[in-house]
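Take a look at the model first, then work through the tasks one step at a time.

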Amino acid sequence: MHPFHLAIPVAELDGTRAFYCDVLGLGVGREDAHWLDLDFFGHQVTLHVAVGTESLPTNEVDGKDVPVRHFGIVLPVPEWQALADRLRSCAVDFLIEPCVRFAGEPGEQHTMFVRDPSGNVLEFKSFADRAALFRRD
């Protein structure tokens, strides 16, 4: 696995740090007054303070309005379920509640969407069969 790096804009760091670290349980790497590196399940996500974050349109996917701009991670089913339980226990407002999408189809997956305090959308998904991640038939 090759770790990826993603930089995202945030309105401020304190509340955003609390969401990513206290709610999601992520670790902190390097940081500055205007940015913060996170260990996002083995990948590096950098939060940069930026003014004027914007919302983007959605696309309908399997009956749900999925935000076009989002990022996330594919987890094993037990980790996905534990995270769903953790988010519920932290009273996180789901943009899309934990559910199974494309039931009975090649791309069947568990998925859930949340927003961070700056409005960035995160998707967490899982496949019972990890080989189905890129299946087309």
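**Exercise 1.** Is F41 buried, partly exposed or exposed?

*Solution.* Start with the cut-offs: buried means under 20% relative accessible area, exposed over 50%, and partly exposed in between (1.4 Å probe, protein chains only). F41 has 29% relative accessibility, so F41 counts as partly exposed.

Before you go on: this is a predicted model, where local features need pLDDT of at least 70, side-chain atom pairs count only at pLDDT 80 or more, and totals for chains, interfaces and linings use all residues. Residues are numbered from 1 along each chain as its sequence is written, and side-chain values use heavy atoms, leaving out hydrogens and water.

**Exercise 2.** Which kind of aromatic pair do F40 and F71 form?

*Solution.* Rings of Phe, Tyr and Trp (its six-membered ring) pair if their centres lie within 6.5 Å; planes under 30 degrees apart count as stacked, over 60 as edge-to-face and the rest as tilted. The structure holds five aromatic pairs. In one of them, F40 and F71 sit 5.5 Å centre to centre with 55° between the planes, a tilted pair. Both residues are buried.

Next, F41 and F124 make an edge-to-face pair, at 6.2 Å and 70°. F124 is buried, with a relative accessible area of 0%. Ring pairs link F40, F41, F71 and F124 into a cluster.

**Exercise 3.** With which side chain does the side chain of Q44 make a polar contact?

*Solution.* A polar contact is a pair of N or O atoms within 3.5 Å; within protein, one must be able to donate a hydrogen and the other to accept it, and residues adjacent in sequence count only if both atoms are side-chain atoms. The partner of Q44 is the side chain of D37, at 3.2 Å.
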